[in-house]
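Please give me a guided tour of this structure. Tell me what to select next in the viewer and what is there.

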Amino acid sequence: MKKKIDLFEIINDFLLCMIGFICIYPFLYEIFVAVSDGRFLAAGQVTFLPKGFNLEVFKYVLSNPKLDIALGMKNSFLYTAGGTLVGVLTTYITAYALSRPQIKSRYILMGIFTMTWVFEAGIIPTYIVYSQFGFIDNPLVMIVPGAINTQYLIICKTYLEGLPYELEEAATVDGANQFRILWNVYLPISKPIVATIGTFYAVNIWNQYLVPQIYLKATGLKVIQQILKDVVISSEGAGEMMQTVIRNGVSINQYNMKAAAVVIAMLPIVCVYPFVQKYFKSGILIGSVKG
């Protein structure tokens, strides 16, 4: 039996494809500009598909010490890896404690966490507090202050509350303490929520601009987002380091360099997401809805 063609489905699919294309086109355009020969860019001949395909610009910007892109990538990787690890551990352990019914003050503690989410001190008071703790020009400012995000804590706590309490009772009968129950019972079945909040923390730290811009002034501590601002937006990127060069017969101009910097900055997150996607949907759904 042939399925009847529905006009609504055709129009709906067409509109969704168009919206998807509009969303992805800016990313594709940056990639095509980065891998095109600078001569075609200067002549305005690159509108969609690349012309004079090459990868010389990526070699150039990563090896050019004046651009500091390699340094920014290294720092961002270190901050993101450390911050994600610390964030996932502290959030999961805290969520586990707040989800245990034997802790009578868990609602009061959760209320205190929620207050920090709703009310913020502001930039100036926060700067004063951070300076007192020695976070100025200290890489730990990217890790410690954001170690527990209240939103992620609520999602993780809700997920753990949805797991059968009989698991803990059975483990307790077998003589397991709370640490062993956390590590050997609950953690192995919490891969969806761990992957979910891990992705949240990684994306949040990787995309941080305001925090490093305020607290990390030393050149050796800058993250890729700060370098990206200097290359793409700031007038600092219009000087000698952005002049057109010829490498292996390929012209590399400022448009190539800016596009390559953007692609390099977004590539790690784009590459990581497919590996956690299978956990992401179930983790965020189960962790957001209880019952």
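Select D37. D37 sits in the loop between helix 1 (7-34) and helix 2 (38-42). Helices here are DSSP runs of H or I with at least four residues, strands are runs of E with at least two, and both are numbered from the N terminus. This is a predicted model: local features need pLDDT of at least 70, side-chain atom pairs count only at pLDDT 80 or more, and totals for chains, interfaces and linings use all residues. Residues are numbered from 1 along each chain as its sequence is written, and side-chain values use heavy atoms, with hydrogens and water left out.

Is D37 buried or exposed? D37 is buried, with a relative accessible area of 9%. Buried means under 20% relative accessible area, exposed means over 50%, and partly exposed lies in between (1.4 Å probe, protein chains only).

Now show the contacts of D37. Leaving aside neighbours within four places in sequence, D37 is in contact with K51, G52, N54, G249, V250 and S251. Contact means heavy atoms within 4.5 Å.

Next, pick N256, in helix 13. N256 is buried, at a relative accessible area of 1%. Which residues does N256 touch, not counting those up to four places away in sequence? They are V33, A34, S36, G38, L41, V57 and S251. S251 is also in contact with D37.

Colour by pLDDT, the predictor's confidence in each residue, from 0 to 100. Helix 13 (residues 254-288) has the lowest confidence, at a mean of 76, while helix 4 (residues 69-98) has the highest, at 93. The protein chain averages 85, and 91% of the residues score at least 70. Where pLDDT is low, the predicted coordinates should not be read in detail.

Go to N248, in the loop between strand 1 (245-247) and strand 2 (250-252). N248 is exposed, with a relative accessible area of 67%. Its phi is positive, about 55°, although N248 is not a glycine. Most residues other than glycine have a negative phi.

D68 is another stop with a positive phi, near 60°. Find D68 in the loop between helix 3 (56-63) and helix 4. D68 is partly exposed, with a relative accessible area of 23%.

Move on to Y165, in the loop between helix 7 (150-161) and helix 8 (166-173). Y165 is partly exposed, at 31% relative accessible area. Not counting residues up to four places away in sequence, Y165 touches R100, P101, Q102 and Y186. Y165 and R100 are 65 residues apart in sequence, yet 9.0 Å apart in space, C-alpha to C-alpha.

Then select helix 12 (residues 224-232). Seven of its nine residues are buried, so helix 12 is largely enclosed by the rest of the structure. The buried ones are I224, Q225, Q226, I227, L228, D230 and V231.

Finally, zoom out. The protein chain has 13 helices and two strands. Its radius of gyration is 24 Å, well over the 19 Å that the globule rule gives for 291 residues, so the chain is more spread out than a compact globule. That radius is taken over C-alpha atoms, and the rule is 2.2 Å times the number of residues to the power 0.38. The C-alpha atoms fill a box of roughly 75 × 75 × 35 Å, taken along the principal axes. Of the 291 residues, 36% count as buried.
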